[in-house]
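User: Please take a close look at one part of this model, the contact between the chains. Then go on to other local features that deserve a check by eye.

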There are 2 protein chains.
Amino acid sequence: MLLGDIVDTNSAWLGRELTSAGIDICHQTTVGDNLPRIRQTLEQALARADAVIVTGGLGPTPDDITREAIADVMGVGLVRNSEIERLIASIFRSRDRSMPESNMRQADVPAGARWIEQRLGTAPGLICPLADRVIYALPGVPHEMEEMFTRAVLPDLRERSGQTGVIVSRVIKTWGASESAVADMIAERVEQQGNPTIAFLAGGGEIKVRLTAKAPSREEAMALIADEERAVTELLKNYAFGTDGETLAYALGREVREKGIHLAVAESLTGGMVGSAIVDVPGASDWFLGSAVVYTNHAKTSLLGIDPGLLETHGAVSAECARAMAEGARRIFGADVALSCTGEAGPHPLEAEIGQVYFAVSTQSDTRSIGIRLPGDRERIRLYSTSTLLDFARRTIASD
Amino acid sequence: MLLGDIVDTNSAWLGRELTSAGIDICHQTTVGDNLPRIRQTLEQALARADAVIVTGGLGPTPDDITREAIADVMGVGLVRNSEIERLIASIFRSRDRSMPESNMRQADVPAGARWIEQRLGTAPGLICPLADRVIYALPGVPHEMEEMFTRAVLPDLRERSGQTGVIVSRVIKTWGASESAVADMIAERVEQQGNPTIAFLAGGGEIKVRLTAKAPSREEAMALIADEERAVTELLKNYAFGTDGETLAYALGREVREKGIHLAVAESLTGGMVGSAIVDVPGASDWFLGSAVVYTNHAKTSLLGIDPGLLETHGAVSAECARAMAEGARRIFGADVALSCTGEAGPHPLEAEIGQVYFAVSTQSDTRSIGIRLPGDRERIRLYSTSTLLDFARRTIASD
């Protein structure tokens with residue numbers, strides 16, 4: 001994992017589970033298969049936390065040394081457990097596989113530790129008490145780890161912590177304002193924050209505001225979140241487009257659905273990314289007709305019936321072309337509303353300056369267009385073009 | 001990140017970069033926005049490593065406290081840098097955005113530290129010397145972090161480490177064979193492996209073989225890799241489609257370019273994902289014409305001129321429809337070759353069983369189609385449909 005071959009998704013999964021169980025996580029550490037380093041990491045973790053969860057290193061191969069490291073930290077030896085031995089043997093029999101002797105290393109348990117039965121893989125988990133602290137060892141394979149955590153670790157943790165509090169968090173997503181602008185809009189809430197707390201997350205051009213509430217029950221936590229969400233969302237005006245898993249395409253879909261209209265797209269530099277983002281919304285088939293990906297001038301004229309003269313006069317990267325594309329898409333798809341974008345993504349400026357993009361939204365009443373200059377590389381320009389168009393369409397349809 | 005809202009991809013990216021630069025990573029730690037904890041984490045990291053890279057917490061909002069934490073560890077104060085102030089102001093001017101005062105916090109630099117100019121975001125990076133050790137602070141936004149690391153941190157690290165050994169690795173990517181099938185194909189190489197070493201990586205349906213060579217110089221390491229790559233690729237036959245960053249769309253583009261032909265797409269369930277994957281290939285405008293995203297039956301008939309009778313008889317999710325879509329796309333785009341896919345992605349089976357997808361490739365000589373049943377959820381089915389179509393087209397055109 002330190003080599004970067006694998007992205008650690010276990011930490012995020014455990015983070016979500018522990019947080020929603022009301023257990024604070026103060027640290028996550030990744031360390032290589034190196035006995036002294038694992039030992040030192042465990043000791044440091046035990047010095048600052050009541051419970052430590054270790055994932056991985058429980059396999060049969062020589063580089064799986066989590067069992068040894070924990071036994072060292074506990075100051076005990078490893079005991080081969082015959083019950084686990086039988087279980088492992090039966091797993092291999094049931095899979096008609098001959099069992100390499102090395103697998104029996106997985107039956108070693110630090111003296112004084114309890115083991116967690118393996119139901120998906122061959123490695124059992126471990127619950128290792130140290131005075132008033134505890135180390136949990138789980139397999140690194142995500143679905144094995146998740147099953148074992150939910151079945152055995154979480155209940156044990158809840159019992160030890162004796163706390164029943166719940167943490168609920170909600171993310172409010174915005175588009176079109178910088179992180180600092182969003183921070184200013186809700187400055188009063190941030191200053192007065194207590195429970196829920198307020199934090200900022202950025203990524204992909206979306207600025208997100210995360211509310212996190214603690215309460216004895218899930219219901220009370222949800223109520224705290226709901227009040228704060230109302231206040232924050234009002235301050236963020238229509239920069240806020242959704243919460244948690246809701247995307248810009250989802251927000252657009254909500255407007256389109258409410259209006260009971262049908263939508264089509266014509267796109268150039270995004271190459272289908274806009275249509276694909278829309279189809280990512282389950283149920284999009286109710287209101288989305290399709291997208292004309294017209295990557296060449298010839299395709300723009302032959303598919304959308306754009307006047308070649310217009311392309312000669314203004315070029316394919318122009319507000320005029322964007323407007324003609326949106327109007328063309330409305331016609332050929334028989335749509336109520338159509339969106340379009342055309343621009344220069346690079347790597348070499350062919351039609352215009354790299355990052356220059358024009359967007360248009362054509363409705364029954366009129367066609368509006370905007371042009372902006374986006375920063376970044378080819379991929380980022382196409383990604384931001386997609387989001388900008390979806391947001392432009394969302395606002396236009398909402399105000400229509 | 002501890003709450004699990006964000007999966008940490010920066011650590012994996014840094015792991016890959018540092019490893020291939022021959023620099024050992026011994027630890028990765030995630031810690032919350034808590035001054036004492038960040039300080040303690042930095043001190044522990046400095047105790048066991050010569051260099052520490054910190055990402056995130058350099059933003060303008062109050063919870064961005066990395067600057068303060070580093071200054072504390074250095075035992076110095078923060079100095080507002082007027083050059084950075086001017087730079088930040090100009091960034092906001094160029095984007096026609098008014099600048100909230102809070103942004104100027106990003107101009108604070110620990111006394112005695114150097115700063116790294118920000119070229120993508122508004123936060124500068126920091127190079128903070130502590131006796132013979134160093135802390136690098138980079139933004140948390142991946143593309144900002146990556147650009148700054150490559151431009152400023154890696155050169156500085158190399159200079160400090162003075163190390164000359166180089167690790168070079170190359171990933172050979174395959175599509176269409178299971179991990180164990182790929183392992184069997186190259187079993188002899190795996191058994192004989194030494195330098196380079198051979199490892200398997202899976203993800204997104206692609207089975208990848210990573211070769212890693214160590215040598216005193218980059219040239220020698222590259223030579224070792226080149227020999228092994230030749231041997232492995234030959235054993236993998238046409239399952240191997242590219243290396244490292246090369247995608248299935250890139251491999252398809254290579255075939256299309258060699259043949260000097262032009263390509264078009266008609267897609268339904270993928271909603272534009274196929275066109276978008278193709279446009280991801282720089283220079284695609286030389287050979288890619290566009291894609292007709294026809295999400296409804298009406299769009300299939302009106303845009304591609306598919307006989308409504310065909311849709312009535314066979315349904316939209318059928319080999320016949322896929323073939324008609326490909327032939328229609330060839331005609332309306334005036335393309336030499338056109339690809340198509342149509343299928344049922346769910347969440348509710350409307351036209352056919354969820355996961356049933358048909359693919360077609362239409363060339364001057366003939367039109368071929370295949371149908372497969374894909375596992376997984378809506379997103380996975382659309383992703384695998386895209387890859388399957390690109391691979392089907394790559395093989396068809398290569399053998400044409």
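**The interface and its surroundings**

B:Arg382 and A:Asp280 pair through their side chains in a salt bridge, with 2.3 Å from N to O. The model is predicted, and this distance is a value computed from it. Side chains of opposite charge can pair when their charged atoms come close. For the interface between chain B and chain A, the rule finds two salt bridges. Over all chains, the search of the whole structure gives 47.

The size of an interface is often given as the accessible area lost when the parts come together. Here chain B and chain A bury about 5500 Å² between them. Carbon and sulfur atoms carry 56% of that area. In terms of residues, 69 of chain B are in contact with 73 of chain A.

One helix pair across the interface can be described in detail. Two packed helices are described by the angle between their axes and the distance between the axes. Helix H2 of chain A and helix H2 of chain B, each spanning residues 35-48, pack at an angle of about 160°. Their axes are 13 Å apart. Angles over 145 degrees count as roughly antiparallel, so H2(A) and H2(B) are roughly antiparallel to each other. The crossing of these two helices is right-handed. On the H2(A) side the contact is made by A:Gln40, A:Gln44 and A:Arg48, and on the H2(B) side by B:Gln40, B:Gln44 and B:Arg48. By class, the contact of H2(A) with H2(B) has four polar residues, two charged ones and no nonpolar residue.

B:Arg39 and B:Asp72 meet in a salt bridge through their side chains, at 2.9 Å from N to O.

Another helix pair lies within chain B. Helix H11 (residues 297-304) and helix H13 (residues 319-333) have axes that come within 9 Å and cross at roughly 40°. H11(B) and H13(B) are therefore oblique to each other, and their crossing is left-handed. H11(B) contributes B:Lys300, B:Leu303 and B:Leu304 to the contact, while the residues from H13(B) are B:Cys321, B:Met325, B:Gly328, B:Ala329, B:Arg331 and B:Ile332. Sorted by class, the contact of H11(B) with H13(B) has six nonpolar residues, one polar and two charged.

Some backbone details remain. Most residues other than glycine have a negative phi, and most peptide bonds are trans. In chain A, the bond from A:Asn195 to A:Pro196 is cis, with omega near 10°. A:Pro196 sits in the loop between helix H7 (187-192) and strand E9 (197-203) of that chain. In chain B, the peptide bond from B:Asn195 to B:Pro196 is cis, again with omega near 10°. The loop holding B:Pro196 runs between helix H7 (187-192) and strand E9 (197-203) of chain B. A:Asp244 is not a glycine, yet its phi is positive, about 45°. A:Asp244 is found in the loop between strand E11 (240-243) and helix H9 (248-259) of chain A.

Terms used: Residues numbered from 1 in each chain as written. Chains lettered and ligands numbered in written order. Predicted model: local features only at pLDDT ≥ 70, side-chain atom pairs only at ≥ 80, totals over all residues. Heavy atoms only, no water. Axes fitted to C-alpha atoms, helices over the stretch in contact; angles between N-to-C directions. Helix = DSSP H or I, 4+ residues; strand = E, 2+ residues; numbered from the N terminus. Parallel < 35°, antiparallel > 145°, perpendicular 65-115°, else oblique. Left-handed = near helix turned anticlockwise from the far one by under 90°. Contact = heavy atoms within 4.5 Å. Nonpolar A, V, L, I, M, F, W, Y, C, P; charged D, E, K, R; others polar. Buried area = accessible area lost by both parts, 1.4 Å probe. Salt bridge = Lys/Arg side-chain N within 4 Å of Asp/Glu carboxyl O.
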